[in-house]
Amino acid sequence: MSLQFALELARSAGEIIKEGYFKQKVISQKCSIADLVTETDTKVENFVQKKISEQFPTHEFIGEESVSSGAKISFTDSPTWIIDPVDGTSNFVHRFPFCCISIAYAEKKKVALAVVYNPILDEMYHAELGKGAFLNGAKLSVSDAQNLSSSILCSEWGSQRDATMDTKVRNMHKAVLASRGIRSIGSAALSCCMVARGSVESYFEYGIHCWDVAAGELIVREAGGVSASPDGSPFDLMSRSVLVSCCRQVLDETSACIERIPFDRE
Ligand code: IPD
Ligand code: CA
Ligand code: CA
Ligand code: CA
């Protein structure tokens with residue numbers, strides 16, 4: 001698969017995000033006050049979907065805003081693009097400079113190519129299976145911390161405002177007591193990239209979707225990190241949950257802090 005195609009696609013999509021970032025925005029609410037969508041999310045997704053279908057007419061496409069408008073998620077062995085047009089929409093709305101486009105390409109249900117681009121900071125992360133992870137062309141490595149007690153974590157409150165919040169508070173409480181601190185940067189994809197670049201040691205979240213972490217999870221593994229479900233079982237892209245860490249020990253210790261939150265798959 002063409003890395004060049006994906007990098008150029010991310011850069012062009014980034015131009016659209018950057019153009020919208022400083023403008024007055026048209027904002028709608030989806031399922032809660034923390035679940036927003038703007039005209040830029042839709043514009044970027046339409047642009048990316050069009051480019052992919054022109055270049056690869058037989059490939060499948062999973063995109064957040066298409067699914068929000070009723071498209072079914074079809075994750076099969078076929079070549080599939082998994083796209084989050086703007087990850088960190090609340091940040092985008094508030095001009096908190098952590099928003100990105102996330103592009104993953106999967107074959108036989110395995111992500112083979114990942115690009116995450118933050119156009120505001122002009123930070124382009126990419127990884128190809130077996131070829132390492134890079135930030136603006138420079139090779140990335142995870143932190144060499146070996147314990148949670150010498151780690152900083154990322155985790156998120158997510159966009160739902162419902163009964164799952166009580167467990168999220170308990171998880172955050174346990175995790176903050178066992179570590180050097182927790183950061184919530186408002187983007188699942190960029191939280192993964194923070195682990196990949198060695199700026200934090202772990203990131204966990206319940207409630208994410210496949211488009212939030214498909215690219216970021218590969219970028220972490222290619223930077224030398226590990227991934228799982230928060231309960232420690234193997235990572236499953238459709239499980240609505242993620243845990244990525246710099247090493248197995250930190251992953252296991254993070255997992256031990258987290259209570260499971262049930263979510264329907266996909
Ligand atoms: C959200 C962000 C946020 C995470 C939510 C996601 P969006 O994605 O990644 O950090 O906590 O679970 O839904 O809506 O900005 O694309
Ligand atoms: Ca969203
Ligand atoms: Ca997202
Ligand atoms: Ca999004």
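**View 1. Strand E4 at the shell around ligand 1.** Let's start with strand E4, residues 80-87, which gives the most to the shell around ligand 1, with 3 residues. Please keep in mind that this is a predicted model. In total, 15 residues surround the ligand. Asp-87, Gly-88, Thr-89, Ala-188 and Glu-205 are the closest of these.

**View 2. Polar contacts of ligand 1.** Here we zoom in on oxygen atoms of the ligand. A polar atom in the side chain of Glu-205 is 2.6 Å from an oxygen atom of ligand 1. Thr-89 takes part through its backbone, where a polar atom lies 2.8 Å from a ligand oxygen. For Glu-64, an N or O atom of the side chain is 3.3 Å from an oxygen atom of ligand 1. The protein buries 90% of the 370 Å² that ligand 1 exposes when taken alone.

**View 3. The make-up of the shell.** Glu-205 and Asp-87 are both among the closest residues.

**View 4. Ligand 1 between two domains.** Stepping back, we find that ligand 1 takes up the space of the largest pocket. Domain 1 (3-139) and domain 2 (148-257) both contribute residues to the shell, so ligand 1 lies between them.

Key
Residues are numbered from 1 along each chain as its sequence is written. Chains are lettered from A and ligands numbered from 1 in the order in which they are written. This is a predicted model: local features need pLDDT of at least 70, side-chain atom pairs count only at pLDDT 80 or more; totals for chains, interfaces and linings use all residues. Side-chain values use heavy atoms; hydrogens and water are left out. A residue is near a molecule or strand if one of its heavy atoms lies within 4 Å of it. A polar contact is a pair of N or O atoms within 3.5 Å; within protein, one must be able to donate a hydrogen and the other to accept it, and residues adjacent in sequence count only if both atoms are side-chain atoms. Accessible areas come from the Shrake-Rupley method with a 1.4 Å probe; for residues, only the protein chains shown count as cover. On a 1 Å grid over the protein atoms alone, a cavity is a set of points where a 1.4 Å probe fits but cannot get out, and a pocket is an open set with protein on both sides within 12 Å along at least five of seven lines; lining residues have an atom within 4 Å of a point. A molecule sits in a cavity or pocket if more than half of its atoms lie within 2 Å of its grid points. Helices (H or I, at least four residues) and strands (E, at least two) are DSSP runs, numbered from the N terminus. Domain bounds come from an automatic or database domain assignment.
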